[in-house]
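I have opened my notebook and I am going through this structure one look-up at a time. Follow along with the model beside you.

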Amino acid sequence: MIKRTIALCLLSTFISVFITALPADSDILSFDKMTSFLSSQQKSDLLNTGELTEFHFSSFDPLLLPDVGMVNEIRSMVLKEELNMGIEGLFLFKDFDSAAYNANPETTKLALYNALRSVSTLEGIEYYSASREEMRTLFVESWMIPDLDSARNRLSDSIVTTIPGKDSFFIHQKDKSFGRHESVMEFVYSSPVIWSVIINQTPMYYKGFLKAMNPQQLQIHLLVMPTDQGLLFYGISAADTINIRAFREKANNSFYNRVKALYAWYIGRIQ
């Protein structure tokens, strides 16, 4: 009886310690599930290089879009506008601290969310120009504005203390390729996935004189997904562009630079 009692006490202590050592309930996503649509080679490339990209010409139907709750809405937005060119990229940040996420997921998700809202920090970000073999500034200007008629009325970044299910605000930007323009930036949150989309609300001119896109014809989608293999980041930069071959070739590089620079910017914000 004594031996049995001791054994039960030891077992109870072991179970108590084991349960205490387990992380708090976490909604961190399964990398394998999020990437189940990829081929084994694509998944291997993503794990080894941290990047997969897919260019689209003539039409844009996402091929690298992870299996998240808003996948149908994202695909519908892209297909509805009949966007004729662009790029999508899937990136994996393996140094993401999943242990810290599991220890305090709500705090981590708030930081991940507010990093996307920090649009003023886009000002001055750089990308590598292969044609010039040098780093160049992508966004010369970037800030939040109260409305589309107040482009010079610079507001502070809209940082929140609680993540809303949906939110939006207007932003002003000036970049090297498309000059000054105003856009709406929308956010959708379905824990733990964060989705943001930027859609231009004013015309965009390539190099300041060639009209490239009408309002609502450029979409930039950003998806942030914490997984057990790292932070999965998905980006789309796509547009319905003027069918000018010389412009389209240059725009293709511009779109890739945009997605790559946005990813680098975001990772820099959360480290």
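**Entry 1: an alternating strand.** I began with strand β3 (residues 126-129), where the side chains alternate. My note on the word: buried means under 20% relative accessible area, exposed means over 50%, and partly exposed is in between, with a 1.4 Å probe and protein chains only. Helices (H or I, at least four residues) and strands (E, at least two) are DSSP runs, numbered from the N terminus.

Then I looked for the partner of β3. It pairs with strand β4 (residues 134-137) in the antiparallel sense, over 4 bridges; two strands pair if DSSP finds at least two bridges between them. Tyr127 has Arg136 in β4 as its bridge partner.

**Entry 2: what I am looking at.** This is a predicted model, in which local features need pLDDT of at least 70 and side-chain atom pairs count only at pLDDT 80 or more, while totals for chains, interfaces and linings use all residues. Residues are numbered from 1 along each chain as its sequence is written, and side-chain values use heavy atoms, with hydrogens and water left out.

**Entry 3: strand β7 and its neighbours.** Why do I call strand β7 (residues 179-190) largely enclosed by the rest of the structure? Because 9 of its 12 residues are buried.

I checked which strands pair with β7. Strand β6 (residues 166-175) runs antiparallel to β7, and 10 bridges join them. Here I found Lys166 opposite Val188. The two strands β6 and β7 form a hairpin, with 3 residues between them.

Strand β8 (residues 193-200) also pairs with β7 in the antiparallel sense, over 8 bridges. Glu186 has Val197 in β8 as its bridge partner. Another hairpin joins β7 to β8, this time through 2 residues.

A cis peptide bond joins Ser191 and Pro192, with omega of about 5 degrees.

Entry 4: How many cavities of 30 Å³ or more does a search of the whole structure find? I noted 1. Rolling a probe the size of a water molecule over the atoms shows where empty space is left. In detail, on a 1 Å grid over the protein atoms alone, a cavity is a set of points where a 1.4 Å probe fits but cannot get out, and lining residues have an atom within 4 Å of a point.

The largest cavity has a volume of about 40 Å³; a volume is the space filled by probe spheres set on the points, which are joined across faces, edges and corners. I listed its lining: Gln173, His181, Ser183, Ile198, Asn200, Leu218, Ile220 and Arg258. The strands β7, β8 and β11 (218-227) each supply at least two residues of that lining.

By class, I wrote down 3 nonpolar, 4 polar and 1 charged residues in the lining. Here Ala, Val, Leu, Ile, Met, Phe, Trp, Tyr, Cys and Pro count as nonpolar, Asp, Glu, Lys and Arg as charged, and the others, Gly among them, as polar.

**Entry 5: rings.** I searched the whole structure for aromatic pairs and noted 12. Rings of Phe, Tyr and Trp (its six-membered ring) pair if their centres lie within 6.5 Å. One aromatic cluster is formed by Phe91, Phe233, Tyr263, Trp265 and Tyr266.

I also found Arg117 over the face of Phe187, at 5.1 Å from the ring centre. A charge sits over a ring if NZ of Lys or CZ of Arg is within 6 Å of the ring centre and within 35 degrees of the ring normal.

**Entry 6: positive phi.** Which loop holds Ser58? I found Ser58 between β1 (51-57) and α4 (71-80). Its phi is positive, about 75 degrees, although Ser58 is not a glycine. Ser58 counts as exposed, at 61% relative accessibility.

Gln216 also has a positive phi, near 65 degrees, in a residue other than glycine. I placed Gln216 in the loop between β10 and β11, and at 39% relative accessibility Gln216 counts as partly exposed.

**Entry 7: two distances.** Lys207 lies in the loop between β9 (204-206) and β10 (210-213). With a relative accessible area of 41%, Lys207 is partly exposed. Lys207 and Ser177 are 30 residues apart in sequence, yet I read 5.7 Å from C-alpha to C-alpha.

Thr108 lies in helix α6 (residues 105-117) and is buried, with a relative accessible area of 18%. Thr108 and Ser98 are 10 residues apart in sequence and 9.6 Å apart in space, C-alpha to C-alpha.

Terms used
Phe/Tyr/Trp six-rings, centres within 6.5 Å; stacked < 30°, edge-to-face > 60°. 1 Å grid on protein atoms, 1.4 Å probe; cavity = no way out; pocket = protein on both sides within 12 Å on 5 of 7 lines; lining within 4 Å.
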